[in-house]
Amino acid sequence: MFHLFERRIQSAFQEFLKHQYDIELPVAMEQPKQASFGELATPVAFQLARQWKRAPQQIAQEIVQRLGPVEGVAALEVAGNGYINIRLDRGVYGRALLEGQSAPPAPKPGKIIVEHTNINPNKAAHIGHLRNAVLGDTFVRLLRETGCQVEVQNYIDNTGVQVADVVAGFYFLEKKTPAEVEQLTRTTRFDYLCWDLYARISQHFREHPESLEWRKTTLHAIEEGHGELAQIGHLVADAIVNCHLNTMGRIGIRYDLLPRESEILQLKFWAQAFELLKQRQAIYLETEGKNKGCWVMPSAAFQQEAEEEDGKVIVRSNGTVTYVGKDIAYQLWKFGLLGKDFYYRVWKTYEDGHRVWVSTASAAENVSEDQRPSFGRAWQVYNVIDSRQSYLQDVVVAGLRQLGYAEQAERSIHFSYEMVALSPRTLAELGVELSEEDRRRPYVEVSGRKGLGVKADDLIDKLVETAQQEVDSRHPSEPAEQRRHIAEQIAVGALRYFLLKFTRNTVIAFDFQEALSFEGDTGPYVQYAAVRARKILEKLQERGEPMPDFEKLLSREALARQLAREDFWQLLLAASKAGLAVERSVATGEPAHVARYAFTLAQAFNSFYHDYPVLTEQDPEKRTLLLWATQYFHRQLEWTLSVLGIATPPYM
RNA sequence: GGGGGCGUAGCUCAGAUGGAUAGAGCAUUUGCCUUCUAAGCAAAGGGUCGCAGGUUCGAAUCCUGCCGCCCCUACCA
């Protein structure tokens, strides 16, 4: 609602300037830092001062005097130095909020693919993976909320080195048969077992470099697709994918499609892309130097001011393709530019009937397109990948550009974020011995190869446990099952908020104490504010009182009277900016903005809650206003939280 | 060496298009539970926005140089 008023006022200023002075100027609008200055402000007089060579203050005076009435504006004031402060008509604004049905945003044409999570299916997910998935999932929610059609993909690298290493661990180190591994996949926490095995085999490789032959053999067998090693590869990857889906499911994250590397290989996606790249001479066969015998993309393609550097190897001298090469093929497919498609079958159906699909190489398994969603052929693609891989993402985009797909290259967006590291205190809690060098650092990087990290499920368990204690102590008489459910909602709120409150390019030094806190700038704080509002509305119902007919009782005059009180007005105003926060967040690609907004709004309500007992208010008009403000706030905050993937519990 | 990011209160972080007295949370200190839930509210202290120049009515924000930290710069992903 706020941005409607903002736009209207802005265009009033612009038309005034056009008619009176024949000036076309994009008038800047700001939200003043101090509420006492009004709801909007414009430095337009400063913009004009240079051209007109007159004092800004004088110009501002002139504009204010001549502008005339603008709908929804109560007053224009010139601030000392030349600002024009704008005060909204609170009665008009209040009525607009009261009457305004927030129609769902118009659907936007063109599908957007968001690829996120992308965890190697060889071990349990850790805290860094959670940041990726929560950022990606929240951005998906933000996009959908603004009318975008979004397809969520979680790419499964089931044939890579990481899977191969765990397979080698089972086969060569542990001497397990496929049948035995199959048994293990049925045990709980198979992903934890692989976590440890991965650390062990990595250490074995470090200590016995000659055994790296195992990796080579395994990789080859997996690529070929038959034999016991390949069998174990499938068992491990499929089982771990299910573990990851369960972990992510716990925090409300789902997918539409799991494209797998095995199909990219089997269906010869790469061969097709390779031909295209060769035809358009985007890559060349190196004939000398250290890259002799490799197909290479010249660095000039993806680096500005590239010096005489070696390019990026796309095909190794032994004929195998690198990950980047496969990624180019995958990216082409996402835009429908490859001229090939996967076959598809259902991987899993969620409780509410939503299906996750998976790529398959088998035409026999394929579900025809009229029986399933249509995949790929996107207008725009977001790849949620950590910033360490920006170089490789540049290569992928350069590949598209070299093939003549400049527009698609432009619409390939690396949604990057910084890593999650571990704080020294948390490392100590994990019982990790630090080297002298690490001790001096503010944080230490997670390492799967060393088995160093905080597992996602462990963290979630810990959060649930902590929340459970709080809920149990406050509501001992409520049903145990419900208390458990609420503890889970709080845990999810705490976790998602914690990962979202940092902007994307901030390295998070993960700290248990901080993440497990439910006070201050946290998810539970925000949830608590919403719960308090809900409780007031429920109490009203318990007393047998109907919800007042706000539209009838709160006339423009009544609203103007009541909203003259600054506290009421500020709460309502803040609550009305939820849509604005979401729009801004999408525009800047920064989910943290919505998290910040939710916290600020919660703060405003908590203060209001403390100062104005709603149900005991004696003045009827004031009480109606208090109730309406409570209801409106609750609706807006609950919606904002839902966009962040955070539920509002019935009680806390 | 090259590319990218960062440097704001004791700590962890926000500061959209340059704009008014630079903000939160934590921690510290002090008040407030017989009230719609104290996972809360109110208040206090705490800052050369890394340093030095420049651009202009105005710079934490833009430009240049320097200092410090991190990441990338593989025939790993």
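Leu-422 stands opposite Val-444 in strand S15, where strands are DSSP runs of E of at least two residues and helices are runs of H or I of at least four, both numbered from the N terminus. Strand S14 (residues 420–422) and S15 pair in the antiparallel sense over two bridges, two strands being paired if DSSP finds at least two bridges between them. Helix H5 (residues 127–145) packs on the sheet and touches S14 and S16 (contact meaning heavy atoms within 4.5 Å), its direction making about 155 degrees with that of S14; axes here are lines fitted to C-alpha atoms, for helices over the stretch in contact, with angles from 0 to 180 degrees between N-to-C directions. The sheet is open, with three strands in the order S15-S14-S16 and mixed pairing.

This is a predicted model, in which local features need pLDDT of at least 70 and side-chain atom pairs count only at pLDDT 80 or more, while totals for chains, interfaces and linings use all residues. Residues are numbered from 1 along each chain as its sequence is written, chains are lettered from A and ligands numbered from 1 in the order in which they are written, and side-chain values use heavy atoms, leaving out hydrogens and water.

H5 is also among the elements that give two or more residues to the lining of the largest pocket (an open set of points on a 1 Å grid over the protein atoms alone, where a 1.4 Å probe fits, with protein on both sides within 12 Å along at least five of seven lines; lining residues have an atom within 4 Å of a point). The largest share of this lining, five residues, comes from helix H9. Of the 43 lining residues, Asn-120, Asp-157, Gln-162, Tyr-323 and Gln-389 lie nearest the centre of the pocket.
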